[in-house]
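Please read the following report alongside the sequence and the coordinates. The account starts from individual residues and then widens to the chain.

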Amino acid sequence: MAILLRWRVGVIFLFLWFFLGDSVRKLIPGQPPEILLVGDALLLIAYLFFFAHHLIKKEEKLWIPPFWGSFLAFAAIAIIGIFNPSLPSFATAAIGLRSYLWFVPLVFLGYEFFEDKEKFLKFCRILVWLAIP
């Protein structure tokens with residue numbers, strides 16, 4: 001249970017992987033595309049730990065964004081798009097659905113990640129400094 005309290009560490013590893021993952025892939029001979037699945041696995045682990053943490057700690061209510069209805073409408077359209085008969089295969093539809101919806105729950109993790117506004121602003125400053133070449 002103690003590891004569920006540290007779901008933020010998983011998000012930090014995920015963020016580092018997104019930042020450095022392409023460089024790691026280029027260093028491996030043959031640049032295997034399977035290495036891209038590492039980010040998906042890290043994201044799945046972060047999701048599981050985050051939502052398990054919120055299920056265990058029942059006193060904390062999960063934040064629901066005000067644009068939740070738009071998310072649901074977008075998800076419904078994306079799911080309906082899977083059944084498009086002009087798609088070449090179901091795998092194409094599944095990859096498209098992953099591309100559209102797999103990162104949507106990051107909204108919840110991002111909102112809960114920072115305990116206060118000062119930590120969020122510090123993180124934004126670090127991102128700005130990293131973005132300057």
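Arg25 is placed in helix H1, where helices (H or I, at least four residues) and strands (E, at least two) are DSSP runs numbered from the N terminus. In this predicted model, local features need pLDDT of at least 70 and side-chain atom pairs count only at pLDDT 80 or more, whereas totals for chains, interfaces and linings use all residues. Residues are numbered from 1 along each chain as its sequence is written, and side-chain values use heavy atoms, with hydrogens and water left out.

With a relative accessible area of 18%, Arg25 is buried; the term buried stands for under 20% relative accessible area, exposed for over 50%, and partly exposed for values in between, with a 1.4 Å probe and protein chains only. Once neighbours within four places in sequence are set aside, Arg25 is in contact (heavy atoms within 4.5 Å) with Gln31, Pro32, Ile35 and Leu36.

## The nonpolar core

A nonpolar core is defined here as a set of buried Ala, Val, Leu, Ile, Met, Phe, Trp, Tyr and Cys residues joined through side-chain atoms within 4.5 Å. The largest such core has 11 residues in all, namely Trp7, Val11, Leu14, Leu43, Ala46, Tyr47, Phe50, Phe108, Leu109, Phe113 and Phe114. Two or more residues each come from helix H1 (7-27), H2 and helix H5 (106-113), and H2 gives the most, with four residues.

His54 lies in helix H2, which covers residues 37-56, and counts as buried because its relative accessibility is 9%. Leaving aside neighbours within four places in sequence, His54 is in contact with Glu60, Leu62 and Glu112.

Ile77, by contrast, belongs to helix H3 (residues 68-81) and is exposed, with a relative accessible area of 60%. Between Ile77 and Gly21 there are 56 residues of sequence separation and, from C-alpha to C-alpha, 31 Å in space.

## The chain as a whole

The chain contains six helices and zero strands, and its C-alpha trace spans about 50 × 40 × 35 Å along the principal axes. Of its 133 residues, 20% are buried, while 70% of the contacts between residues at least 6 apart in sequence join residues at least 24 apart.

The chain exposes about 9,800 Å², of which carbon and sulfur atoms supply 74%; the areas come from the Shrake-Rupley method with a 1.4 Å probe, and for residues only the protein chains shown count as cover. There are 12 positive and 9 negative side chains, and the centres of the two sets lie 2 Å apart. In this count Lys and Arg are positive and Asp and Glu negative, with His and the chain ends not counted, and each charge is placed at NZ of Lys, CZ of Arg, CG of Asp or CD of Glu.

## Confidence

The mean pLDDT (the predictor's confidence in each residue, from 0 to 100) of the chain is 84, and 95% of its residues reach 70 or more. Confidence is lowest in H1, at a mean of 82, and highest in H3, at 92.
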